[in-house]
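Hello,

Here is the structure I said I would pass on. My notes on its salt bridges follow below.

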Amino acid sequence: MKITSIVSLIIIISFFSCNKTTTIEGLWVVKSVVVGDEEMTPNARWTRFNSDLTQESGNGRFQHSYGTWKLNQNSNELFIENTNGLDDINEPFVISINENEMIWERTEEGQIIKVILERSSQLPETYGDKILGLWKLEKAIGNGSYFKESDKREINDYIFFRWDKRFVIESEKDRVNGVYNVHGHKPEVELIPYGGQVKRDFWRIQFEENQITLKLLNSDTIVTRQFRRIHKFPE
């Protein structure tokens, strides 16, 4: 009698445990996207499936898509409709779930698409999220735009990356305003200044704790700018 009760209890627990771990509902972060033989993983892409069959997607803290979802339990086909997006003309993804990992697969234009997602309790950060804020120049190597070459830490030059994709640079050279774009797949930022006094350029971003280093791309010489995060404008 006792053995039968224990076996029954194990079966019940296993049943509910499987239902919990295999549900699609919740927040999923994209860990890998492979198109044919090429990896094309976006930075900090996520999707959230809600119990009311609504869904939303985004990159980092920015939600850019929303709509509905439906899962065919017999065929494991996932149908996603974005209310504010384009119609998906491809076949639905066939999915498989293993505890905290989910795999989507389908064919697009003759190429096999494989997406691997992972459960998460919080939104990931994009390179654009990490670069936001006020940064004080600590070191400048090489002669380039915006900042004079210097290794003096007491200078008050800074760059301010605003949430609205605009930047402000205050330096011994000049004050420059413009807009910036952070690459969706790589740690790179494009600075596009207003006016014609400074040309647009591209910088590689190296992230450290409360510090970033920008390295000028497509340059014959080494040009780097090292910054430390601050929380008020230098006087």
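Salt bridges

The side chains of Asp88 and Arg106 form a salt bridge, with N and O 2.9 Å apart; the term stands for a side-chain nitrogen of Lys or Arg within 4 Å of a carboxyl oxygen of Asp or Glu. This pair links distant parts of the chain, 18 residues apart: Asp88 is in the loop between β6 (77–82) and β7 (93–98), and Arg106 is in strand β8 (residues 101–108). Strands (E, at least two residues) and helices (H or I, at least four) are DSSP runs, numbered from the N terminus.

Asp88 is partly exposed at 42% relative accessible area, while Arg106 is buried at 11%. Buried means under 20%, exposed over 50%, and partly exposed in between (1.4 Å probe, protein chains only).

The model is predicted: local features need pLDDT of at least 70, side-chain atom pairs count only at pLDDT 80 or more, and totals for chains, interfaces and linings use all residues. Residues are numbered from 1 along each chain as its sequence is written, and side-chain values use heavy atoms, leaving out hydrogens and water.

In total, the structure holds 13 salt bridges. Another one joins Glu125 and Arg61, at 2.5 Å from N to O. Glu125 lies in the loop between β9 (111–119) and α2 (127–131), and Arg61 in the loop between β4 (54–59) and β5 (62–72), 64 residues apart. Glu125 is partly exposed at 38%, and Arg61 is exposed at 55%.

Arg166 pairs with Asp164, their closest N and O atoms being 3.5 Å apart. Arg166 is partly exposed, at 37%.

Regards
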